[in-house]
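Welcome, and thanks for taking a look at this one with me. Please have the sequence and the structure open as you read.

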Amino acid sequence: MNTSRLKKFAQYARRNLIEQVQSKLKLVLADESSARREHPKAVKELEQKLNHFSNKKEVEDQLIEPSGLHLV
């Protein structure tokens, strides 16, 4: 079985997911976002968790890996 196409798809899918999560984070964390108005406690908790990590890779690992996917 030729797995090269599957590997390319997996790489594309992961990059695409990372971009979507980053976009969602920007939207949720915006100063006047509806998420801040509707779920202020959840947004504050998310900000605290993001501030806990020292670099972007750690954030991606925690928020995007299957065991950690839990965004608003």
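The numbered points below go from the overall fold to one helix pair and then to the core.

1. A word on the source before anything else: what you see is a predicted model.

2. Let's begin with the whole chain. Of the 72 residues in the chain, 19% are buried. If you take the contacts between residues at least 6 apart in sequence, 35% of them link residues at least 24 apart.

3. Now turn to helix α1, residues 4-29, and helix α3, residues 40-52. Their axes come within 11 Å of each other and cross at roughly 125°.

4. Which residues make the contact? From α1 they are Leu25, Val28 and Leu29, and from α3 they are Val43, Leu46, Glu47 and Leu50. Sorted by class, the contact of α1 with α3 has 6 nonpolar residues, 1 charged residue and no polar ones.

5. Finally, have a look at the largest nonpolar core. This core has 7 residues in all: Val21, Leu25, Val28, Ala35, Val43, Leu46 and Leu50. Two elements, α1 and α3, each give two or more residues to the core. As general background, nonpolar side chains tend to be buried together in soluble globular proteins.

Methods
Residues numbered from 1 in each chain as written. Predicted model: local features only at pLDDT ≥ 70, side-chain atom pairs only at ≥ 80, totals over all residues. Heavy atoms only, no water. Axes fitted to C-alpha atoms, helices over the stretch in contact; angles between N-to-C directions. Helix = DSSP H or I, 4+ residues; strand = E, 2+ residues; numbered from the N terminus. Contact = heavy atoms within 4.5 Å. Nonpolar A, V, L, I, M, F, W, Y, C, P; charged D, E, K, R; others polar. Core = buried A, V, L, I, M, F, W, Y, C linked by side-chain atoms within 4.5 Å. Buried < 20%, exposed > 50% of the residue type's maximum accessible area, 1.4 Å probe, protein only.
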